[in-house]
Amino acid sequence: AAKAAAPDEKARLAGFLLPESKDVLATFLYEREFVDLLLEFPSARLTPQELVDHMRKLMPRLYSIASSPEARPLELCVKLVEGGPGTNFLHQLRPGNHFRGMAPYGDFVYEPRAGRHACFIATGTGIAPFRSMIQSKHFRDHAPKSATCLLGVSDESEVLYDAEMRGTPGPRWVPCVSRPKGDWSGFRGRVTDFLRSLGADFPWL
């Protein structure tokens, strides 16, 4: 409030600081980024350093590796999100560009059990870790009794790695398209619809 020069803006900001306005302030801030406040209160002038000090720290973006553990270079499967800082940064990169990333720290891995079946279920870019698992030497050396890989998407343009997965020996590949736009010959519906359609002969275990 002290930074606002316009009386009406100063009064409005001061009102947010009243004890009885705690919930109103929380809702107001939840719906806005820092830059929104500057646009909404244009008379508030901050120095460049004050602007940087008040901005939220950019949190790390987490992406699953889509290539096998043995493959180099690594591959990521990323959906471009409008306004997304991580995906837009990656989208503007060109061959030869470099960026710094952190090593994977997750523990979502393929852990086979002898004589058991495997069913991989994903939607959208969630197929990335399963592609990595299926392409891995560990999967080939410890293949399940049978494997099914389900991918749920809205329309057929979102089906990822279709030709590759169809040509991969071993896993049964089932893309499930809930709202196809064209002449989609595969399964129509959600992944859950496909699972409900399975009979007792499906290798559930």
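Ring pairs join Phe-108, Tyr-110, Phe-120, Phe-130 and Phe-139 into a cluster. Here, rings of Phe, Tyr and Trp (its six-membered ring) pair if their centres lie within 6.5 Å, and planes under 30 degrees apart count as stacked, those over 60 as edge-to-face and the rest as tilted. The model is a predicted one, in which local features need pLDDT of at least 70 and side-chain atom pairs count only at pLDDT 80 or more, while totals for chains, interfaces and linings use all residues. Residues are numbered from 1 along each chain as its sequence is written, and side-chain values use heavy atoms, with hydrogens and water left out.

By the ring rule, the count comes to nine aromatic pairs. Phe-108 and Phe-130 form one that is edge-to-face, with 5.6 Å centre to centre and 70° between the planes. Phe-108 lies in the loop between helix H5 (85-91) and strand E1 (118-123), and Phe-130 in helix H6 (residues 128-135), so the pair ties together parts that are 22 residues apart in sequence. Helices (H or I, at least four residues) and strands (E, at least two) are DSSP runs, numbered from the N terminus. Accessibility is described in three classes: buried means under 20% relative accessible area, exposed over 50%, and partly exposed in between (1.4 Å probe, protein chains only). Phe-108 counts as exposed at 54% relative accessibility, whereas Phe-130 counts as buried at 10%. Another ring has a charged neighbour: Arg-131 lies over the face of Tyr-161, at 4.1 Å from the ring centre. For such a charge to sit over a ring, NZ of Lys or CZ of Arg must be within 6 Å of the ring centre and within 35 degrees of the ring normal.

The strands come next. E1 and E2 pair in the parallel sense over six bridges; two strands pair if DSSP finds at least two bridges between them. Cys-119 has Thr-148 as its bridge partner in E2, and Thr-148 also stands opposite Arg-172 in E3. Strand E2 (residues 147-153) and E3 are likewise parallel, again over six bridges, and Leu-150 has Val-174 as its bridge partner in E3. Moving on from there, E3 pairs with strand E4 (residues 187-188) in the parallel sense over two bridges, with Arg-188 in E4 as the bridge partner of Val-177.

In a regular strand the side chains alternate between the two faces of the sheet. E1 has a covered face made of Ala-118, Phe-120 and Ala-122, and an uncovered one made of Cys-119, Ile-121 and Thr-123. In E2, by contrast, both faces are covered: Ala-147, Cys-149, Leu-151 and Val-153 are buried on one side, and Thr-148, Leu-150 and Gly-152 on the other. Five of the six residues of strand E3 (residues 172-177) are buried, so E3 is largely enclosed by the rest of the structure.

Cysteines deserve a brief look. A disulfide is taken as a pair of cysteine sulfur atoms within 2.5 Å, and by this rule the count comes to zero disulfides. Cys-77 is in no disulfide, and the nearest cysteine sulfur, that of Cys-149, is 12 Å away. For Cys-119, also in no disulfide, the nearest cysteine sulfur is again that of Cys-149, at 8.1 Å. Cys-77 counts as buried at 11% relative accessibility, while Cys-119 is partly exposed, with a relative accessible area of 35%.

Ser-21 is found in the loop between H1 and H2. With a relative accessible area of 14%, Ser-21 is buried, and this residue touches Gly-15 and Phe-16, not counting residues up to four places away in sequence.

Methods:
Contact = heavy atoms within 4.5 Å.
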